[in-house]
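Take a look at the protein model below.

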Amino acid sequence: MSYKNPLPNYINGEWCISQATEFLNVVNPATAEVLTQVPLSPKSDVDAATQAAAEAFKSWRRVPPTDRIQYLFKLKFLLEDHIDELSRTITLECGKTYGESKAEWQRAIENVEVACGIPMLMQGYNLEDVARGIDEMMIRQPVGVTAIIAPFNFPGMIPFWFMPYAIACGNTCIIKPSEKVPLTLQKVFELLEKTGLPKGVVNLVNGAKEVVDAILEHPTIRAISFVGSSPVAQYVYSKGAAHGKRMQCQGGAKNPIIVLPDADMEMTTRIAADSAFGCAGQRCLAASVAVTVGEARHTFTDAIASAAQARVVGYGLDDGVQMGPVITSQSKARIEGLIQKGADEGAEVLVDGRNPKISGYEQGNFIRPTILQNVDPNSEIARTEIFGPVLGLMHLETIEDAIALVNSGQWGNMACLFTSSGAAARQFRYEAEAGNIGINIGVAAPMAFFPFSGWKESFYGDLHGQGRDAVEFFTQTKVVVERWPKNWSRQF
């Protein structure tokens, strides 16, 4: 695949060269090949995109919802028609396997499909005769110009948690992709252009922190969606809220899975391995800690160690590969340093994936699946989001102890239980303090018609992405009280 160098922005329906004076290389994490360069756009590019979005909003908000969703129908079919090229692009710049990239696009398309239900989802409600001759209604209207700050780990799916709902509700939108993986959204905007969307409804600005700060500070931007690490989520949320904006900021996690003795161990092991090592562990719903209860300790430990050692690591476009590299050499060094930190704190490195030799890809950012055994729940490694293919093992004697451990953490993105007991499952579902709960599920990723939930320091805001939460976030309610009869009546 060939790409423009440097990559352009997309503002007011036109591909345009950034005013940037600095650029970053976009690197294939498996081969170290430089794919192109991304501009670090200045604030002036954000201002141009915002002005275009604000001007487009004046007419876009007046387009009937039934007409707005026709563009989304076109987008759905375009995404499906180009899913191979889009999936390969994710693998090239992000490092996932082709199968993981394709699954990501299927989830993105699912959100487009749900957003096509806006004529129903955006409806308000009304009541006649709240007082004699007086009627009252609540209607939803778009908020205006919105912005999305996307992460590197799901460059296709995560913008679609927000963008389809934003424009279907009548808003206009600016998207900033991660500077590490900007190519995927270049492809998406080429398809958006083919839908015939009016100029300025969707805009793309490449860049890094200067673009983020410009979005957070711009007085015309009304609502911002963000996904990334918790420290950055907290920064984005605080600064955006201080500038009077609606904010939804998804942060990091340290996701535990609990394995009871009555779990189907073969199934549990396969699912746990996929959760911990899928996408090289670079997802906010990856299993980070496995807590075995009672007699599950020995059977699960041996099984998950075997699964980790057997996982095929390599270039995501090669046949048979089950796990690709991590995103950058800096990430590789950080993850390997955290593995050593765990060992220094007393954990046993049961399966050591550091410094692997992947034939033909010696320059890639590869780490094999790693397992730390007997991790101290009070250690630093037990509290740190590693964001790599590393699973820590802990052991407790009761499900009550396991739930207490889950609830003692600062994070609250996901918690999962593996069991054949309905009573245990209900207890866990009821008591575990996390926004996404899995029962015999390793990655409790909600379907697009449910919100992508998150608690504690895993989320900053009130309304999440996807489904009805997204509709609530991208609309503001207006209550109308009206009287038409000529005769006067007392309202209150």
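**A walk through the model**

Leaving aside neighbours within four places in sequence, Ala287 is in contact with Asn255, Ile257, Ser275, Ala276, Val390 and Leu391. Keep in mind that this is a predicted model. Ala287 sits in strand S13, which covers residues 287-293. Its relative accessible area is 2%. Buried means under 20%, so Ala287 counts as buried. Now look for Pro6. Ala287 and Pro6 are 281 residues apart along the chain, and their C-alpha atoms are separated by 37 Å.

Next, find Thr146. This residue lies in strand S7, residues 145-149. Thr146 has a relative accessible area of 0%, so it is buried. What does Thr146 touch, not counting residues up to four places away in sequence? The list is Ala166, Asn171, Thr172, Cys173, Ile174, Ile221, Ala223 and Phe474.

Ser41 is another buried residue, with a relative accessible area of 1%. It belongs to the loop between strand S4 (34-39) and helix H1 (43-60). The side chain of Ser41 makes a polar contact of 3.4 Å with the side chain of Asp45. Once neighbours within four places in sequence are set aside, the contacts of Ser41 are Asn9, Ser18, Ala20, Val205, Asn206, Gly207, Glu210 and Val211.

Now turn to a whole helix. Helix H4 runs over residues 98-115 and has 18 residues. From its first C-alpha to its last, H4 reaches 26 Å, close to the 26 Å expected at 1.5 Å a residue. Which residues of H4 are buried? They are Glu100, Ser101, Glu104, Trp105, Ala108, Ile109, Glu110, Asn111, Val112, Val114 and Ala115.

Helix H2 brings us to charged pairs. Within H2, Glu80 and Lys76 are four residues apart, so about one helical turn separates them. An α-helix has 3.6 residues a turn, so residues three or four places apart point the same way. The side chains of Glu80 and Lys76 meet in a salt bridge, 2.6 Å from N to O. Are the two partners buried or exposed? Glu80 is partly exposed, at 32% relative accessibility. Lys76 is buried, with a relative accessible area of 14%.

The model has 19 salt bridges. One of them joins the side chains of Lys176 and Glu179, at 3.3 Å from N to O. Lys176 is buried, with a relative accessible area of 3%. Arg354 and Asp352 form another salt bridge, and their closest N and O atoms are 2.8 Å apart. Here, Arg354 is partly exposed at 22% relative accessibility. Asp352 is partly exposed as well, at 42%. Salt bridges can also link up: Lys43, Lys209, Asp213, Glu217 and Lys239 are joined in a network.

Now for the surface. Leu127, Val130, Val479 and Val481 form a nonpolar patch there. Together they have about 330 Å² of accessible area. Strand S5 (125-131) and strand S22 (475-483) each give two or more residues to this patch. Leu127 has its place in strand S5. This residue is exposed, with a relative accessible area of 54%.

Finally, check the backbone. Most residues other than glycine have a negative phi, and most peptide bonds are trans. Which kind of peptide bond runs from Asn5 to Pro6? It is cis, with omega near -5°. Pro6 lies in the segment before strand S1 (9-11). Asn374 has a positive phi, near 60°. This residue lies in the loop between strand S15 (370-373) and helix H13 (380-383). At 22% relative accessibility, Asn440 is partly exposed.

Conventions:
Residues numbered from 1 in each chain as written. Predicted model: local features only at pLDDT ≥ 70, side-chain atom pairs only at ≥ 80, totals over all residues. Heavy atoms only, no water. Buried < 20%, exposed > 50% of the residue type's maximum accessible area, 1.4 Å probe, protein only. Polar contact = N/O pair within 3.5 Å; in protein donor to acceptor, adjacent residues only side chain to side chain. Contact = heavy atoms within 4.5 Å. Patch = residues over 30% accessible without salt bridge, like charges linked within 9 Å, V, L, I, M, F, W, Y side chains within 5 Å. Areas by Shrake-Rupley, 256 points an atom, 1.4 Å probe, with all protein chains shown as cover. Salt bridge = Lys/Arg side-chain N within 4 Å of Asp/Glu carboxyl O. Expected span 1.5 Å × (residues − 1).
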